[in-house]
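Please read it alongside the sequence and coordinates.

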Amino acid sequence: MANTAQLLRRQSSRDIVLKSQKSIDQLELRELRGRLVSKEHGVGHHHHTSLHHHQPLYGATNQGFMSDAFDESSELEQDPPPFGSEASTSKAKAELVANASVAAADQQDIVEGEKEGEERESWDSKIMFLLATIGYAVGLGNVWRFPYLAQKNGGGAFLVPYFIMLCIQGIPIFYLELAIGQRLRKGAIGVWSQVSPYLGGIGISSAVVSYIVALYYNTIIAWCLIYLLHSFESPLPWADCPTRLYKNFTYDHEPECVASSPTQFYWYRTTLQCSESVDLPENFNYHMAIALIVSWFLVYICMVQGITSSGKIVYMTAIFPYVVLIIFFFRGITLKGAADGVAHLFTPRWETLLDPVVWLEAGTQIFFSLGLAFGGLIAFSSYNPANNNCYRDALLVSLTNCGTSMFAGVVVFSVIGFKATATFDRCTEERNGLMAQNRTHNLPVCDLQTELANSASGTGLAFIIFTEAINQFPGAQLWAVLFFLMLFTLGIDSQFGTLEGVVTSLVDMKLFPNLPKEYIVGGLCFSCCLISMCFANGAGSYIFQLMDSFAGNFPLLIIALFECLSISYIYGVRRFSDDIEMMTGSRPNFYWMFCWKYLSPCAMVTILLASFYQLLTEGSSYPAWIGAKGASENQEWPHWCIVVAFFLILSSILWIPIVAVLRLCGIKVVEDSDPAWFPEAELREVHGIVPHEPTELERSIFCFNMDGTEGMCCPKYGLPEKSLEEEE
């Protein structure tokens with residue numbers, strides 16, 4: 001789950017220029033908006049077009065996408081001076097000041113809602129937006145969850161349900177969130193309140209679940225910091241079992257470590273200080289508390305200072321993980337047993353396709369891997385120019401995310417193959433030695449496929465399996481530093497995007513109208529830091545698993561379901577398609593409309609029902625570490641944990657019906673706000689948009705009526721429609 005928009009957007013010019021100069025710039029900006037030309041005709045539609053001949057399309061005037069060399073790229077002309085040159089700019093400003101009242105009156109319909117102090121920030125460049133969105137979508141789940149699910153659920157056969165769920169659920173919802181954020185130009189709360197005042201609860205639910213997920217997600221970053229710090233030690237502290245001094249002044253290895261392994265002992269005993277039950281928190285873990293404080297401080301510093309750093313942070317957090325993965329790839333494929341590991345990952349077992357659990361886990365992985373329903377994608381896209389091609393962005397980011405998962409799977413299982421082969425060789429050597437002594441009883445069983453299948457998911461893969469493999473590398477300290485630095489950047493990247501969904505929603509709601517954004521970010525990080533101290537004890541890892549199992553699963557599925565239903569049956573698929581055509585110049589085809597209205601909601605309902613059924617029939621448990629045995633045992637959640645789980649789910653999704661019911665009673669939880677400025681008439685002229693005539697298939701499938709209305713829809717709760725004549 002990415003980098004925050006604060007990290008990547010330039011500081012607004014209103015903070016660095018004089019008020020009088022800004023007034024002139026405002027008039028000039030209005031003048032530029034009035035002089036957009038059609039790509040086909042090359043003729044402006046405003047009487048001020050005579051100031052220049054070569055006009056950029058809309059979006060080029062958006063400062064977030066303006067090239068630093070814009071003036072140099074314009075063709076020089078003798079008479080008149082080229083627009084963008086010093087002489088032309090001075091002349092234009094003089095004319096604009098002299099005719100300020102006329103220009104303001106002429107452009108009133110274009111800039112309405114774009115008053116002084118209300119300009120929306122924008123991205124530094126298109127590459128910044130793409131890097132931030134990719135960094136948000138590509139997270140820890142790509143590295144430590146997808147490889148485990150693939151080898152567990154049929155190897156290469158798992159890719160079949162994986163890509164099917166990507167096409168019918170992942171990309172359509174990703175496309176939907178990017179498009180609606182770009183069209184309505186607000187955060188999640190503002191977007192869904194504008195779709196319908198009764199739907200403001202969807203945005204609040206996204207903000208609440210993002211807050212809860214960010215709360216426990218930062219714990220992973222703290223764990224990575226602990227391991228990163230100790231990766232500089234030589235030898236690595238998890239390479240060998242520590243020794244214990246007994247009362248008779250004799251030394252011996254820790255019995256718990258001998259019963260398990262050095263990496264398991266360091267993870268469960270040294271780092272987590274695990275208790276044997278969630279009911280026994282035992283001692284306070286001061287090392288973990290310090291790591292949590294440092295991690296939240298780093299998140300705050302990066303989000304606040306990122307504006308003045310000109311986007312340097314996004315290049316680090318989004319690109320560095322790929323650099324490390326490539327390094328590990330070339331290291332991994334040269335190891336003995338790498339081919340066996342990769343073959344184990346991708347060898348198809350087609351019989352698993354008949355198991356419904358495989359399809360359930362494929363759909364769940366796609367959904368959470370793309371970071372849907374958090375509100376972060378809506379917030380990111382709201383800072384794009386109005387004519388940005390959100391369809392191309394949705395395809396690019398989604399396919400990049402899936403490609404990263406498969407590439408990470410190759411990297412992980414090449415290393416796991418090396419570890420499994422080394423274990424198999426040691427087992428074989430021990431077995432041959434015993435047989436050479438004519439011993440035929442209690443011989444160890446050596447099976448390479450069993451070792452390959454004995455991989456773990458999540459924290460077990462990162463902090464136990466992979467670290468054990470790194471121990472066997474020459475120069476293990478260097479590889480450990482690279483690996484945990486990669487996990488740190490992956491985690492903090494997604495953390496930025498998750499918190500951005502909360503921050504943007506709070507700003508759009510104007511709950512703290514007199515507080516700068518920096519103070520809102522600081523308040524969020526401080527409150528999360530205080531609450532996250534519940535993870536700094538012996539039962540902290542169990543509380544983490546509880547929140548990860550319930551807080552980030554069911555609420556997000558329900559929120560995404562309501563998003564899809566709101567667009568399809570309240571805002572209207574036809575109207576939504578018109579908006580996308582107006583922004584991108586091309587209309588969504590039949591497939592995307594069918595997904596939004598029927599296929600994606602059915603897929604999410606199916607996953608929800610299957611998940612609830614699986615939970616009721618199989619129950620839910622957690623692996624508790626038993627130090628005396630040196631192994632983990634599954635234990636049922638106690639009753640108070642089940643109550644907490646229900647509270648986490650309900651506290652997120654109950655906002656959807658609460659806001660709607662209170663609105664019916666005349667109580668406004670989310671205050672109404674004016675629609676953000678959007679150049680509808682200009683975009684229609686630029687793209688040459690004409691009213692779309694529904695095909696016979698569209699009328700029958702989507703219930704499009706001849707009068708322009710849409711059946712199976714509730715447009716009365718949406719925004720009032722404007723006719724083309726009124727817009728012009």
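**Notes on the predicted model**

1. In an unreviewed entry, UniProt places the feature "binding site" at G135, A137, V138, N142, S369, N401, L490, D493 and S494. These positions are spread over 360 residues of sequence, yet they cluster in space, with a largest C-alpha distance of 13.8 Å. The model discussed here is predicted.

2. A137 is found in helix 7, which covers residues 126-137. A137 counts as buried because its relative accessibility is 1%, the cut-off being under 20%.

3. D493 has its place in helix 23 (residues 476-509). With a relative accessible area of 2%, D493 is likewise buried. The side chain of D493 is joined to that of T317 by a polar contact of 2.9 Å.

4. Helix 26 bends by about 95° at Y571. Of its 31 residues, 28 are buried, and the helix is thus mostly covered. G585, which follows helix 26, has a positive phi, near 90°.

5. S621 lies in strand 3 (residues 621-626). Is S621 buried or partly exposed? Its relative accessible area is 34%, so S621 is partly exposed. Beyond its neighbours within four places in sequence, S621 is in contact with N634, Q635, E636 and W637. The C-alpha atoms of S621 and W637 are separated by 5.6 Å, although the two residues are 16 residues apart along the chain.

Technical notes:
Residues are numbered from 1 along each chain as its sequence is written. This is a predicted model: local features need pLDDT of at least 70, side-chain atom pairs count only at pLDDT 80 or more; totals for chains, interfaces and linings use all residues. Side-chain values use heavy atoms; hydrogens and water are left out. The bend at a residue is the angle between axes fitted to the seven residues ending there and the seven starting there. Helices (H or I, at least four residues) and strands (E, at least two) are DSSP runs, numbered from the N terminus. Buried means under 20% relative accessible area, exposed over 50%, partly exposed in between (1.4 Å probe, protein chains only). Contact means heavy atoms within 4.5 Å. UniProt positions are given in the numbering used here, feature names are shortened, and annotations may be inferred rather than shown by experiment. A polar contact is a pair of N or O atoms within 3.5 Å; within protein, one must be able to donate a hydrogen and the other to accept it, and residues adjacent in sequence count only if both atoms are side-chain atoms.
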